[in-house]
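Hi everyone, thanks for coming.

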Amino acid sequence: MRWENLTEGPAGPAALFGADAVVTRTIDTPEFRGITFHEVRARSIVNRVPGASRMPFEWTVNPYRGCSHACVYCFARKTHSYLDLDTGLGFDSQIVVKTNAPELLRRELAAPRWTGAHIAMGTNVDCYQRAEGRYRLMPGIIEALRDRANPFSILTKGTLILHDLPLLREAAEVTDVGISVSVGFTDAALWRTVEPGTPSPAARLNAVRTLTDAGIECGVLMAPVIPFLGDSPAQLRDTVRAVAESGATSVTPLVLHLRPGAREWFTAWLGEHHPHLVERYERMYAGGAYAPTWYQRMITRQVHELAAEFGIGPARRGAARRISGPDGPDGPAPAGATQLTLL
């Protein structure tokens, strides 16, 4: 692995961490077998989202790079190439841990230039992946945000978020806290092959129930809806019913999109597990990373109709994450908008 493009040297102050600040650990325990952790001391932790991004927020915090959830469709795979790491198995098993994330965040939030903008977490890789069970970075991160009354949101597929429930309740007393759990489908067979490192959909929905019972509003990002594998009327009905029964405050469908890096890995997986679908995917995604607008609108309409049937309303753009602004809860979504583009 080469770190030169991210360490001190020619990059100067723009480097992400010092060349002597990388410690690599391989832990031979059942829960971490096959995973290598690269512990680094980051130089910055609050990141601005590029202006061209479709994300409905401006600032993010990501304590990890790479993700042991190993979702075959994960759009963040491409980011591992910036570290000269493999975007396939390397993304799943070579995890970069920013061990100083809590103290760094506390310092950056206290800087005079910081104005208290909303911070989104879990939007690149999951901050409650298995590594969090070992490194426990999120409690310090939430404490820093709580102490500055800084609004934030978390998107996760991880049930480890329940460990931080007391802190989330404390933070919610002083600022806006938005929690969303990602559950794209409840099909157990599909889950085992496409999201092999995640807690089961049932476990995630149990986490939603626990959060809502504790007074923490929690929406479900129904993401991704996978064409031809997780989009049948029966599958959509089963998923929306389960979401409603979990007590979620909203459900927002997101159709699978395939950016470079993720596209190649997903296509290889598809060819191995569902070769008869390869040509159909090539046609559906011939226009780029996103499924055709007509398909997105069809899925959105079906999910919203089911949500109304089961007594759960769709979320407006950004509402589950309590993001203010023209596209958030303080203003209407743009006409013709069919889905968020977070995943």
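**Aromatic pairs**

Let's begin with Trp59: this residue is buried, with a relative accessible area of 16%. Keep in mind that we are looking at a predicted model.

Which residue pairs with Trp59? The partner is Trp114: the ring centres are 5.3 Å apart and the planes sit at 80°, so we call the pair edge-to-face. Trp114 also counts as buried, at 16% relative accessibility. Now look at where the two residues are. Trp59 is in strand S4 (residues 59–61), while Trp114 is in the loop between helix H2 (101–110) and strand S7 (119–121), so the pair links distant parts of the chain, 55 residues apart.

How many aromatic pairs does a search of the whole structure find? The count is 8. Another of them joins Phe37 and Tyr135, with centres 5.3 Å apart and planes at 70°, so this pair is edge-to-face as well. Phe37 belongs to strand S2 (residues 36–40) and Tyr135 to helix H3 (residues 131–135), so the pair ties together parts that are 98 residues apart in sequence. Phe37 is buried at 1% relative accessibility, and Tyr135 is buried at 15%.

Tyr135 has a charged neighbour too: the charged end of Arg134 sits over its ring, 5.3 Å from the centre.

Finally, please find Phe228. Ring pairs link Phe228 with Phe266, Trp269, Tyr281 and Tyr285 in a cluster. Over the face of Phe228 lies Arg280, 3.9 Å from the ring centre.

That's my tour, and I'm happy to take questions!

Note on methods: Residues are numbered from 1 along each chain as its sequence is written. This is a predicted model: local features need pLDDT of at least 70, side-chain atom pairs count only at pLDDT 80 or more; totals for chains, interfaces and linings use all residues. Side-chain values use heavy atoms; hydrogens and water are left out. Rings of Phe, Tyr and Trp (its six-membered ring) pair if their centres lie within 6.5 Å; planes under 30 degrees apart count as stacked, over 60 as edge-to-face and the rest as tilted. Helices (H or I, at least four residues) and strands (E, at least two) are DSSP runs, numbered from the N terminus. Buried means under 20% relative accessible area, exposed over 50%, partly exposed in between (1.4 Å probe, protein chains only). A charge sits over a ring if NZ of Lys or CZ of Arg is within 6 Å of the ring centre and within 35 degrees of the ring normal.
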